[in-house]
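Here are my notes for you, written as a few numbered points. Have the model open while you read, and look up each spot as we come to it.

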Amino acid sequence: RNIDGKAWTKVNPNCGSTSFVVPDLITGQEYFFRVRAENRFGVGPPAETIQRTTARDPIHPPDPPIKLRIGLVTKNTVSLTWKPPKNDGGAPVTHYNVECLRWDRTGEVKESWKQCNRRDVEETKFTVEDLVEGGEYEFRVKAVNIAGPSRPSATVGPLVVKDQTCPPSIELKEFMEVEEGTDVKIVAKIKGVPFPTLTWLKASPKKPDDKSPVVYDQHVNKIVGEDTCTLLIQQSRRNDTGLYTITAVNNLGTASKEMRLNVLGRPGPPVGPIKFESILADKMTISWLPPLDDGGSKITNYVIEKKEANRKTWVPVTNEPKECIFTVPKLMEGHEYVFRIMAQNKYGIGEPLDSEPETARNLFTVPGPPDKPTVSSITRDSMTVNWEEPEYDGGSPITGYWLERKETTGKRWTRVNRDPIKPMTLGVSYRVTGLIEGSEYQFRVSAINAAGVGPPSMPSDPALARDPIAPPGPPVPKVTDWTKSSVDLEWTPPIKDGGSRVTGYIVEFKEEGEEEWERVEIRGTKFVVTGLKEGCFYKFRVRAVNAAGIGEPGEVTDIIEMKDRIVAPDINLDASVRDRIVVHAGGVIRIIAYVSGKPPPTVTWSRDERVLPEEAKIEETAISSSLVIRNCKRSHQGLYTLLAKNDGGERKKTIIVDVLDVPGPVGMPLLTENLTNDSCKLSWFTPEDDGGSPITNYIIEKRESDHRAWTPVTYTVTRQNATIQGLVQGKAYFFRIAAENIIGMGPFTETTKEILIRDPITVPDRPEDLEVKAVTKNSVTLTWNPPKYNGGSDITMYVLESRLIGKDKFHKVTKEKML
């Protein structure tokens, strides 16, 4: 039972030994226990524990402390630090004992380990005092809990006790970035004996050499620890950004470290004053300069607000501008306005910059006239008009121009452009199209600004709409054929016709080595040069002619030798023919091939490297050979080959011909299985010939054995078996099946025997034709035929019964199976 309760709880139902582990106790709860002995006569009196027992894990002394370190050493003291043990032994560590051991100069132990602390050491540090200057010591620490002291920590030493000195050193991170309002701790780790004097300095990032001491107050404070110096800045501000330097000084030297602190926040106000770039009756364009302080983050946009000078309420205008200029729209003429601008970054909106009051009014007039325009780049239906901006813009920037034209014989000016022509940096030009060839035109220009359209310029000098004419460029000739005495030339017209229609061509040729060119004038782009000398070499060129004269020649790059030309055969199929032809049965197979070569090649057709079918017909022309098979069949498909040969070589072309037809009959036999009283399952083989296209469906039809009409089965079948539903029990059926592809349906295959629809296995029908064959005084010989339907299973035996006349009951005659 627990100490708070009075009722005893049985722990075990049966225990045969004199020890037992009590389970299911609550950690930290205190208990009493009692034990009774039992024999066959009953249970004896209990023996009860006198002291209460607490349920908890066993307590052991803790592990040794860890990371024992030596700190400051003087001529008669040593500072020690350590970490608590990893395992406290099941009870909290209450204190630590520090021990030391002294050695003599010979390296022998002069004294035994003795405890250095007079009081319990509860912290993890201790300074051992009253040591002998110059003595050699070792130190160790023990952790203590209620179970006792631990094993000692690893010893440190031997250590000579004397004043230790070392110059100062500093560890400090180089950069820190925080958001405005955040508390900042700049922690520097300090080393040096004696402990150095520490000073913090601050400099502006823009003037790193101009350092001044940090002023300590409620905002900035310095905290010095045993080996650290912390500069604490509470609720940091933008002006805390800077270069911070800590300097450590003792009698052995000086050390310094720098750290750059960047406090990010809202930007400062833009730099003023706000300038009014333009002032109109309904809008003003204002500009400003970016803030000197961007808050440490890129300026994302500017927030602009306005108010009338005699009002107090600011009205938002926009927060979209990213540049330092904006046109404020929708102002009321004659009203006086004040504007303010605030920069924004990702940390917020900065302080505003206010403008001086300004009244919305027009301060300008229409612009003056531009100078007299000039005309260039004249063609038969277009001209380019050029002009400069007017000397006087009316006090407002030129926003566009209106361009007008008129024929010199007319009086009415017509505007050329639908929208104002935008001004350019160096003059303005505009191409006018839709002019009438042979007409003479003049042009004038008016400038536009915010006040309106200014007066027009002086008219330009008259200009006549016509194309400039020059001789045409060179044609591009080539030799298409030749013999021993002639050359066939062909050329394309020149790219540039010189501004005038090409009226003819001059063909020139000469024998190699001759100076003079022979000339022939023609109108077309083809010509056959005849009467040339066999075996000689000739050059050829062609010139184009227009109204301006004869153009530059276009030359044939090759020198042609006069001899009969041999060209290896070439075969090109007609556009209607591809490498594979698909034809439906009953259609026409037509393969048209264009055959070229010199001398004309002989042409041979074959199919699957054999002679052509009898139905194939070959149709020849001067440039082609065609194979035609009308009313084609599946047997006409195959690989057709066209072979062309001449003295220059041979060429072969193959074409695959596929003839598609309906599928052939499905394979036999047709099997029946899974017969029920209203269905049966049919199975069949795929057709040997699918007609050249995959089988997409099987069509099944049925008819009753005593009918002639076939009825289709109404669902789609894609496999080689199907269960026919909806049949009538006791009726006999015939079935037939046909395969179908994308071309159509093939022939039907019909079952050879009728199928009687009955349950798969039932009792057989009665035997038929029972007859008495022979009778004796004590025997009868009987014969019969099997039943028409065996019930779906083979007949295993017959049962023979008899009864006397006048009796009602039959008696079994046979005792063994009869078949």
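The points below go through the Ig-like ranges, a charged patch and some backbone spots.

1. Before you start: this is a predicted model, where local features need pLDDT of at least 70, side-chain atom pairs count only at pLDDT 80 or more, and totals for chains, interfaces and linings use all residues. Residues are numbered from 1 along each chain as its sequence is written, and side-chain values use heavy atoms, with hydrogens and water left out.

2. Let's begin with the annotation. An unreviewed UniProt entry puts "domain: Ig-like" at residues 167-262 and 569-656; such annotations may be inferred rather than shown by experiment. Residues 167-262 come out as 0% helix and 68% strand, with the end C-alpha atoms 31 Å apart. For residues 569-656 the figures are 0% helix and 60% strand, with 21 Å between the end C-alpha atoms. (Helices are DSSP runs of H or I with at least four residues, strands are runs of E with at least two, and both are numbered from the N terminus.)

3. Now for some charge. Which residues gather in a patch of positive charge on the surface? They are Lys67, Arg69, Lys83 and Lys86. A patch takes residues with over 30% relative accessible area and no salt bridge, and joins like charges within 9 Å. A salt bridge here would be a side-chain nitrogen of Lys or Arg within 4 Å of a carboxyl oxygen of Asp or Glu. Lys83 sits in strand S8, residues 78-83, and is partly exposed at 46% relative accessible area. (Buried is under 20%, exposed is over 50%, and partly exposed is in between, using a 1.4 Å probe and protein chains only.)

4. Next, the peptide bonds. One joins Gly272 and Pro273, with omega about 0 degrees; Pro273 belongs to strand S24, residues 271-279. Another cis bond links Lys598 and Pro599, with omega about -10 degrees. Pro599 is in the loop between strand S51 (589-598) and strand S52 (602-607).

5. Finally, phi. Most residues other than glycine have a negative phi. Asp24, however, has a positive phi near 60 degrees. Asp24 lies in the segment before strand S1 (30-31) and is exposed, at 75% relative accessible area. Ser377 also has a positive phi, near 50 degrees. You'll find Ser377 in the loop between strand S32 (374-376) and strand S33 (382-387), partly exposed at 47% relative accessibility.

Notes
Patches are made of residues with over 30% relative accessible area and no salt bridge: like charges are joined within 9 Å, nonpolar side chains (Val, Leu, Ile, Met, Phe, Trp, Tyr) within 5 Å. Accessible areas come from the Shrake-Rupley method with a 1.4 Å probe; for residues, only the protein chains shown count as cover. Lys and Arg count as positive and Asp and Glu as negative; His and the chain ends are not counted. The place of a charge is taken as NZ of Lys, CZ of Arg, CG of Asp or CD of Glu.
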